[in-house]
Amino acid sequence: MKVGGRYFRTIWVKPDDEGVVQLIDQRFLPYRFMIEEVRTVAQMATAIREMHVRGAGLIGASAGYGMYLAAIEAAARAAFDEHMARAAEQLRATRPTAVNLSWAIERQLRSIADGKTAEEKVALALRTANSMAEEDVEHCRMIGQHGLALIQQIARKKTGKPVNVLTHCNAGWLAFVDYGSATGPIYAAHDCGLPLHVWVAETRPRNQGSKLTAWELGQHGVPHRVIADSAAGHLMQHGEVDLVIVGTDRTTYTGDVANKIGTYLKALAAKANNVPFYVALPSASIDWDMRDGLKEIPIEERGAEEIKHADGWFEGQQVEVRIAPEGSPTANYGFDVTPRHLVSGLITERGVCEANEKSIFSLFPEHAT
Ligand code: MRU
């Protein structure tokens, strides 16, 4: 997507130096647009853990490139496989909820195993990292097309008035390599001239909505308004939301959806007010081994500073301030699980299906056992 009129992806190999991966460092958005250069698997692990990069698809792509950097390191050592196994563990330990992370690591390990020499293994790792990034782009583009059909259906009933879409967190192009999952249909609708307006839930505590989704929608010229998380129910009660589209970090093959904390409350409000609640996801975010999302999906807990501090832009600088009593303990759950019965449908790269085992397997029969 475009930033200041120039085309960017979120992650790429440096054009004149194949040993360097460049990425948009999201910690500085929306205040400053910064590119980070990552040279080692340890640096990539830090970038994922400390959320320089975040969002399920981009976490997967970053892990893929992290394994490529690890292969370059391993080629300079005697014990190639041991180094790769350690790198896989290091990356796996960064964040627990997005299933794209382990999906990308496993895929790299399988692909690298086909190389006969260290040189071949490095080349395979680069090819696989690039393929995963390209697939992510193509899958989000297809999600956009399938979701567009849903938005068009709603638009027909609105006779020229804008379709109001509500989204939570950032499942935009910044959370993937390009286009985004929840924003895929939004950008597709906007680009074909359909009148549309997006309610962007700020998404406490890290504000991925107000900082990232609002920023990227603004860069693309999509009309939007930022709301406090707690405003969503009120808007739905008053007929101000036609459709909710969110992303997911892990969805079970039975249709339970883990997404950023606060998603479940929006799904409850949507159900109570007959507002369609859709989840947009590439198949890399489906956990084909997990049946019961509430019991099985690991929910990341993060540090107190995210709850007790907030950052902002003040007199030309990014500053951090405390917003809660110093002595108050916190609980900081990163994600929640929306049970399948609250989900109207899943928008995938192969089309839209219901959030249940039968419907998911009918789109992805190769995963049915
Ligand atoms: O903790 P983050 O910023 O990595 O959160 C993940 C997310 O971006 C969201 O949960 C998103 O809605 C789904 S990931 C495409």
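Before I show you anything, one definition: a patch, as I use the word today, is made of residues with over 30% relative accessible area and no salt bridge, and nonpolar side chains are joined into one when they lie within 5 Å. Please also keep in mind that what you see is a predicted model.

With that in hand, let us begin on the surface, where Tyr-264, Leu-265 and Leu-268 make a nonpolar patch of about 280 Å². Leu-265 belongs to helix α9, which runs over residues 263-272, and Leu-265 counts as exposed because its relative accessibility is 58%, where exposed means over 50%.

Which residues are the closest to it? Of the 17 residues that surround the ligand, the closest are Arg-54, Arg-95, Asp-249, Asn-259 and Lys-260.

Next, I would like to look at helix α6, which covers residues 183-191 and is mostly covered itself, with 7 of its 9 residues buried. The buried residues are Thr-183, Gly-184, Pro-185, Ile-186, Tyr-187, Ala-188 and Ala-189. What covers them includes the helices α5 and α7 together with the strands β6, β7 and β9. Just after α6, Gly-193 takes a positive phi of about 85°.

One of the elements in that cover, helix α7, holds Thr-213. Is Thr-213 buried or exposed? Thr-213 counts as buried, because its relative accessibility is 1%, and, leaving out residues up to four places away in sequence, Thr-213 touches Thr-167, Cys-169, Asn-170, Val-200 and Gln-208.

Finally, let us consider the salt bridges, of which the structure holds 22. Glu-50 pairs with Arg-49, the closest N and O atoms being 3.5 Å apart; Glu-50 is partly exposed, with a relative accessible area of 40%, and Arg-49 is partly exposed at 35%. A second pair is Glu-106 with Arg-92, whose closest N and O atoms are 2.5 Å apart. Glu-106 lies in helix α4 and Arg-92 in helix α3, so this pair ties together parts that are 14 residues apart in sequence. Glu-106, at 32% relative accessibility, counts as partly exposed, and Arg-92, at 27%, does too.

The last pair brings us back to the ligand's surroundings, for Arg-95, one of the closest residues there, meets Glu-300 in a salt bridge of 2.8 Å, N to O. This pair links distant parts of the chain, with Glu-300 in the loop between α10 and α11 and Arg-95 in the loop between α3 and α4, 205 residues apart. Both Glu-300 and Arg-95 are buried, and salt bridges that share partners join Arg-95, Arg-206, Glu-300, Arg-302 and Glu-306 into one network.

How values were computed. Residues numbered from 1 in each chain as written. Predicted model: local features only at pLDDT ≥ 70, side-chain atom pairs only at ≥ 80, totals over all residues. Heavy atoms only, no water. Patch = residues over 30% accessible without salt bridge, like charges linked within 9 Å, V, L, I, M, F, W, Y side chains within 5 Å. Areas by Shrake-Rupley, 256 points an atom, 1.4 Å probe, with all protein chains shown as cover. Salt bridge = Lys/Arg side-chain N within 4 Å of Asp/Glu carboxyl O. Helix = DSSP H or I, 4+ residues; strand = E, 2+ residues; numbered from the N terminus. Buried < 20%, exposed > 50% of the residue type's maximum accessible area, 1.4 Å probe, protein only. Near = heavy atom within 4 Å. Contact = heavy atoms within 4.5 Å.
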